[in-house]
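This briefing covers one protein chain, from a single side-chain contact out to the overall dimensions. Please have the coordinates open while reading.

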Amino acid sequence: MPSPPWKLETGLASVLDRWLADRVVKSCLAADRALAPTEGRFAPIPEDLAPGLVAALRSRNIRSIYSHQREAVDAARRGRHVVVSTPTASGKSLCFHLPVLDALAKDPESTALYLYPTKALSRDQEAGIRELARDAGLSVPAVVYDGDTPGDARRAARERTAVVMTNPDMLHAGILPHHASWSRMFARLKYVVIDELHTYRGVFGSHVAHVLARLCRVAAFHGSRPTFICATATIGNPREHAARLLGVSSEEVELCDQSGAPRGGRHVLLYNPPVVNAELGIRGSYLKAAVRLTADLLRARVPTIVFGPSRNSVEIMLKYLRDALAAELPEDAIMAYRGGYLPDTRRKIERGLREGEILGVVATNALELGIDVGDLDAVVCASYPGTVAGTWQRFGRAGRRNKLSAAILVTASHSIDQYLASNPEFLLDGAIEEARIDPSNTEIVIQHLKCAAFELPFVEREPYATLQAEESGEALRFLAHHGVLHEQSGRFHWATDKYPANHVSLRSVGWDNTVIIDRENGKTLAELDWRATPTMLHEQAIYQHDGEQYQVEELDYDNHKAYVKKVVPDYFTTALTNRKVTPLDASTETKLYGGAGVLGEVSVVEKVVGFKKIKFFTHENAGYGDVRLPDIQMHTTSFWWRVPAGVCLEAGVGRAGALDGLRGILRALETVATIALMCEPRDIGQAIEDGALAGEVGGTGSEFDPTLFLFDNVPGGVGLAARIHEQAPVLLVSVRALLSRCACEHGCPLCVGAVDGLPPIPAAAKAAGVDLALAGSRKRSSMRVLERLMRGDG
């Protein structure tokens, strides 16, 4: 018998059953896969572990630990570097807390340093280690040392604390240059814990590798050789990545990647909203679809987290959910969590999640990392996050307590999302991406060599990081020749009054946040990073915060302040932006197949040109507005490939097909370049410009002069473009091999990028000499254009 209509069915199983019985929902499911639960594998607690720690574990009803935890604890206590690569919620924290606290129990003078990529995560783990130490009867002072730490706590961290928790930026600029003040910690440094290892990728990861090299150099000076314990979400190359980051061989790193943690059953669904415009291939709003599914879960009292792609989308979904469930749930049972919220607000939300006071949370990737959010049974991702690893990292936030869980990806109308809807095996069965870094990047090496010399003088032929003795000597003499170092009796001393760490940004973002002030009461409402200010805080923008709307009345751009007033509009705003790449100077030009490969300086200008007003709920366009703000300009180095229009058109795919083919070539070139240079896609910017319109240096002057740009996405550059220019012929051969090898027909995320369906073939195409077999296929157009260019002028 069906349940009476007034009976509220609760629990995840009832929601899943209802969805799968609903014809409309079922017709939108691109994939429905049930992952079976797995049994746990356990090992006894080490007999020689400190008695207080054993008692603390037993007080938590832990009589044995997971097999991977035992492997990690044993390896770390033997002095082996360790990397633990197991799924979210597999108990990675105990893998490093146990050896650290065991060492401190047996030698109270020992110290440990914890590195976390974000402030929020370090605060979360601070509470965890303090509770475990207290339960073990240990008086272990643990202090978070970051930009929010008050002065008296900073002094305590330097003088009395056994466990210091910080981030790479603070270690780089606030601790290592002042290591003499931290001599107590460095002299007895037993362990260095690096959590969320997978976040240290690309240029940022390459910088962090040098910070760790400097850390080891300073520790050795003070008489210690710490053991590193690393923890990471699942990536394709955990041992190799850890080894490169630590500057050791892979054989020196113990890998623990066989999780012993039990896992409940998981339902993975790919929900593709129904088509609302068949001619244009437009589907229903993925935000509204995510809200509908989440509302079903929350009505059934299923603790749920919803991930949105942006801050604005998070606030929109929060408003929609609160409106939809206003009669059923209190407002504070559904909260948002994103960058920009003040620290006290974030910690209150984290506490509410852990204690079960909050039933649903809508978040950006700020909650992707391992912050403890308590019992969650469902995850809804509104659009694909961009990587397979990132998607499974989000999925892992639910089912943390060995219960049935659900993971739902709601696909957008974007090309890559629609590719996943058509090819769900790419996500469900595809390989997890590898993390790549390149500590040997010359620009980065020189920057950190200066920092290391400031911290401690170098002796002749002293190896450093990736530099062997001979290379290190040459680099030091180069710096001495330029007056940065002073050589005396075989030692190289810092010779200028500059503070080098202040001029080296690990994350390439060095601007102040903009403070958002409520004009009615003068209180600080939130803060926003400088890069997001023009798009979210321009005058007349609707700034959304905790489900409420504020209109920006004044933006004091120079002083980083925005003044807002609470309003109740029926619309939100979204900024219209434009990016332009303009060559400034060509330093090197070489013939590159059918065109010219150029290395030089470029100006990358991003500008907010206006904004749209979008109606809540219907998402109709309600009008436009102008924005008058200074351009955001970045000077950097770039490689560009100038392609003759005539050669492109000879490919026989028409002008539009040739341009689409070039877009595919550029996408594939970026892919092979990131692999060859061991960086991340975010480190390289790309653009296609008409060289004639852009005033391109050395252009042909023709009407149609396409130019492909790959530039360092860092002010001033870090040498990536120069290496792309140097390796361009080989990289283009790799592009051709990639396109030939890829099994897709029209294009996919692995080669030229996913495409938005096949456009209609113009009636005049045949008369214009366009090969109809190629029309509408980006991959085939890319292959035809590339083959023609690689044949050269002949």
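With which side chain does the side chain of D377 make a polar contact? The partner is the side chain of K403, at 3.5 Å. The model is a predicted one, with 25 helices and 32 strands.

- D377 sits in the loop between β16 (360-363) and β17 (378-382).
- D377 counts as buried because its relative accessibility is 11%, under the 20% cut-off.
- Beyond its neighbours within four places in sequence, D377 is in contact with L12, V302, P303, A398, G399, K403, L404, S405 and A406.
- The C-alpha atom of D377 lies 35 Å from that of N513, and the two residues are 136 residues apart along the chain.

**Nonpolar cores**
- The largest nonpolar core comprises 159 residues, and Y114, V163, L367, I408 and W641 have the most contacts inside it.
- Helix α12 (residues 286-299) supplies the largest share of this core, nine residues.
- Another core, of 37 residues, lies apart from it and includes L115, Y145, V164 and I437.
- Leaving aside neighbours within four places in sequence, L367 is in contact with I305, F307, Y337, L353, V361, V373 and R397.

**Overall dimensions**
- The radius of gyration is 28 Å, which agrees with the value near 28 Å for a compact globule of 794 residues.
- Along the principal axes, the C-alpha atoms fill a box of roughly 90 × 85 × 55 Å.
- Of the 794 residues, 53% count as buried.
- The accessible surface is about 33600 Å², and 50% of it belongs to carbon and sulfur atoms.
- Among contacts with a separation of 6 or more, 72% join residues 24 or more positions apart.

Conventions: Residues numbered from 1 in each chain as written. Predicted model: local features only at pLDDT ≥ 70, side-chain atom pairs only at ≥ 80, totals over all residues. Heavy atoms only, no water. Helix = DSSP H or I, 4+ residues; strand = E, 2+ residues; numbered from the N terminus. Buried < 20%, exposed > 50% of the residue type's maximum accessible area, 1.4 Å probe, protein only. Contact = heavy atoms within 4.5 Å. Polar contact = N/O pair within 3.5 Å; in protein donor to acceptor, adjacent residues only side chain to side chain. Core = buried A, V, L, I, M, F, W, Y, C linked by side-chain atoms within 4.5 Å. Rg over C-alpha atoms; globule rule 2.2 N^0.38 Å. Areas by Shrake-Rupley, 256 points an atom, 1.4 Å probe, with all protein chains shown as cover.
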